[in-house]
Amino acid sequence: MDLTVWQTFVTVCRLGSLSAAADELNHTQSAVSRQIAGLERQLGVRLVERHARGVRPTTAGDVFRRHALATLREADRAVRAARDVRDGALGRPLAVGAAPSLASGLVPEAVRGLLVKTGRIRWSLVPGLSGRLHQRVSDGDLDLAVVTDAPPGLPHDAQVERRFLGLDDMVVVLPLGHPLAGGGPVHIGALAGETWTEDNDGSAALLRQHAARARVAVRIGLVAADLPGKLALVATGHAVALIPGVLTSALRADLTTVRLVDPPTRGIYTITPRRDPHPCAAALHDELAAAFAAPDGFRRAAAATAPGETGP
């Protein structure tokens, strides 16, 4: 069967519209309709049905869609593998994902070390929340992602390999001039009267869990859209916030931090697809492990904090 038709069918299912699929694929709507009808004749089963707002897959169509999507991804991997042989291993672009705090410093630092050793390679960096990055690695869209086990945690997935880098101590970020700026580790109770800001559920959960263990109430009074917005609220004196220790070296100049007594932590991992791994993925993991182990009071590398097993 022609996989171009399979791609058309998957696109129609994703967009829920023949006309929208035609626009995205640069086809006419009648051509898309003919391709779907031809596929239905080949399979001997109805794949889509019309409704008021477009089309949707039938039960048989949805089953076929899932298998078709997996086949298309595998075909893409086959093409990339053949081209890797033609171009040499380093000709394949390296797609890296990272949680926002890790994309701000640690991951670019590790990629720089990789480039020094391997020479010029094409690469891209995709920031995102860990759950979404995990899915993109599993789907084959990313070659490696650096993720955390902050709530809600990481799923178990036989399609990916997970390797532990170490633990990251969370710290409190403060505006310059705050009374606690520059001091030693403080109990969360010293910040109980502050307004806190958070930008994601995972960090908010770590803050609430830490406060609950210390029997302290904290008030998250401001919600930011993302990490830069969260830091801006702190810098302008509106709030304080819990942030990853790995972020401290990349903080803007109008912010400072204070450590917590018995701070909350999060595990940091690399994840890679088990099938068709990028030739540079293992080397990048090694660079990340070296960067994570560099002297830093906020990070505790894997060898000191966990057993040597690195499976999922």
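Some ground rules. Residues count from 1 along each chain as its sequence is written, and side-chain values use heavy atoms, without hydrogens or water. Because the model is predicted, local features need pLDDT of at least 70 and side-chain atom pairs pLDDT 80 or more, while totals for chains, interfaces and linings use all residues.

Start with helix α1, residues 3–15. Helices here are DSSP runs of H or I, at least four residues, numbered from the N terminus. Thr 11 sits in α1. Is Thr 11 buried or exposed? Buried, at a relative accessible area of 1%. Buried means under 20%, with a 1.4 Å probe and protein chains only. Beyond its neighbours within four places in sequence, Thr 11 contacts Ala 21, Glu 24 and Leu 25. Contact means heavy atoms within 4.5 Å.

Next, α2 (residues 18–25) and α3 (residues 29–43). Their axes, lines fitted to C-alpha atoms over the stretch in contact, lie 8 Å apart at about 105°. Angles run from 0 to 180 degrees between N-to-C directions. So α2 and α3 are roughly perpendicular, a label for 65 to 115 degrees. Leu 18, Ser 19 and Ala 22 of α2 meet Gln 29, Val 32 and Ser 33 of α3.

Last, α10, residues 281–293. What are its buried residues? Ala 281, Leu 284, His 285, Glu 287, Leu 288, Ala 291 and Phe 292. Seen down the axis of α10, they fall within an arc of 160°, so they line one face. That arc uses directions from the helix axis to the C-beta atoms. In general, an α-helix has 3.6 residues a turn, so residues three or four places apart point the same way.

Methods:
Helices (H or I, at least four residues) and strands (E, at least two) are DSSP runs, numbered from the N terminus. The expected span of a helix is 1.5 Å times one less than its number of residues. Buried means under 20% relative accessible area, exposed over 50%, partly exposed in between (1.4 Å probe, protein chains only). Angles under 35 degrees count as roughly parallel, over 145 as roughly antiparallel, 65 to 115 as roughly perpendicular and the rest as oblique.
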